[in-house]
Amino acid sequence: MRHVALITGLVASAIAAGAQKPSQKIERGWPLDMDGAVRIHNYNGSVVVTGWDKDSVAVTAVIGGKMGLFGGGGRRGVKFGLESASDQTAPVADFTVFVPSRARLSVRGAATMIEIRNFAGTVDASALSGRVRISGSVTEITAETMDGDLEVESSPAYFRGKTATGRITWTGSSDDASLNTVSGAITVTSSTLHRARFESISGDVKFTGTIKPDGRVTLDSHGGDVSATLARDARAEVTIDAPKGNVLGTEFVRPAGKALQYASVPHSGSSGTTRTADLVLRSFKGRVSVAQP
Amino acid sequence: MNDDLNPLESERLRRLLAAAAELPREATPPEGAWPAIRRRIDAARVHAIAPGTVAAPERRPARWWPLAAAAALVVVAGSVIVTRREQAPEQPSIAAEPERVPLPAAPDAPATQSPVRALMAVPAGLTANNPTLAAVLEQYQQASRELEVSVATQTAALPPATREVVRRSLATIDAAITDLRQALGSDPRNASLGQYLSAAYEQKLDFLKRVRAMPGAGM
């Protein structure tokens, strides 16, 4: 009986050891122009990219299982990653990558956490369930994730961000920004915006900051709450549309059920000749509020 | 997909999507079709003519004037329509929203209304009171239906957790669209509602396109 138990234990250990695939560490590098293109594929795990002042790409990949790292390219462009169509077939892999800080970076993931830091080039990042976090002096951002969160601390000239259920949190300025979720909340803390649109179907949309004199910022949610807090010296014509919701403001409070309401945020020291910015706040079912300290 | 459907309607919709998904992506034209097409292309082709080889064709002034008259008629009719729309401010049009990209023209509608089509129909009051908006919404619906059919098969290739996110997100968008359709049905001239609805449809189209482009979907 003791022999049977011992054999059973040994077999179980062997099976467990077989199931636990060994991981491998791979290090690769390629020369790349400072403004060259880098494309990274990793559908399961993490990708952490850091910008550096060298004209080369260096990657350290820790890959579960035996799948190798593909990669190649020239001075104008480098591409590497794991060959897998989705996170259902991809082994878990963690990439630590250094790229020229002004490169054109593209990262494709699925169940992948993506982090890009100290970077000053253009970013195009997408994941399905992983979080995407971007920081640095990035010039252009296009980022998508489905149920992961998107967190950005940067002031790109151009910014497009999308999620489904994930939240979007952005701290920075931009001349052209568009953020979009289905049910995730959007929170923007900005020093200055020019043209921006933040939209959600059921998520809350919140903006704190300033709008350039001829700029236009629109906050729009079907079922979520929409709120804006303008900086003390900001000048803006505010248009509020809350057919079914409540409108709350420091200077005006309107009863629910009014179809369309207009109001102006009080201006401190307004001369009356300056071009004013437009701030549009819309929520079909949620509450709309605007404030200026 | 549409949480507001009853089980029978839902089953019909599922069967329709499944049947559409089984249609071949490409179809070979019947034998003998290509030579006929080729003949028509060749007949319409413009051939280079070497200078001096052919005498100048005889002028036939009687051929151009009906075309010119028709063109003039179209221009005049177009101007009248545009002028009348501009003179009717009580007709709200979401086409006036500058930030919205106009949809491409929808393909020809089928001759008979399918059950799905009837379910998603634009509210009758809207068609009568605001035909411009009703037409735009019809285009949104058509585009949305086509995309849903093409995405339905691809979502099967997605991981279960992502499929669930897609399902929940589409349900959220569809619930918003249903809300707005009902509101617009009782207040068809409300331009603001039209903008909300067009925004919701654009969100849906954009979301479906994102699903179609996902890794694992259709790869």
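Reader: How many helices and strands does chain A have?

Author: Welcome! This is a predicted model, where local features need pLDDT of at least 70, side-chain atom pairs count only at pLDDT 80 or more, and totals for chains, interfaces and linings use all residues. Residues are numbered from 1 along each chain as its sequence is written, with chains lettered from A and ligands numbered from 1 in the order in which they are written. Helices (H or I, at least four residues) and strands (E, at least two) are DSSP runs, numbered from the N terminus. For chain A the secondary structure is one helix and 26 strands.

Reader: Is A:T139 buried, exposed or partly exposed?

Author: A:T139 sits in the loop between strand 11 (132-136) and strand 12 (140-145) of chain A. A residue is buried if 20 or more other C-beta atoms, placed from the backbone, lie within 10 Å of its own, exposed if 12 or fewer, and partly exposed in between. A:T139 has 17 such atoms within 10 Å, so it is partly exposed.

Reader: How many residues does each chain give to the contact between them?

Author: Two residues are in contact if their C-beta atoms, placed from the backbone, lie within 7 Å. On the side of chain A that touches chain B there are 12 nonpolar residues (Ala, Val, Leu, Ile, Met, Phe, Trp, Tyr, Cys and Pro), nine charged (Asp, Glu, Lys and Arg) and eight polar (the others, Gly among them). The contact takes 29 residues from chain A and 22 residues from chain B.

Reader: Which residues does B:L197 touch, leaving out those up to four places away in sequence?

Author: Leaving those sequence neighbours aside, the partners of B:L197 are B:L137, B:I177, B:L180, B:R181 and B:L184.
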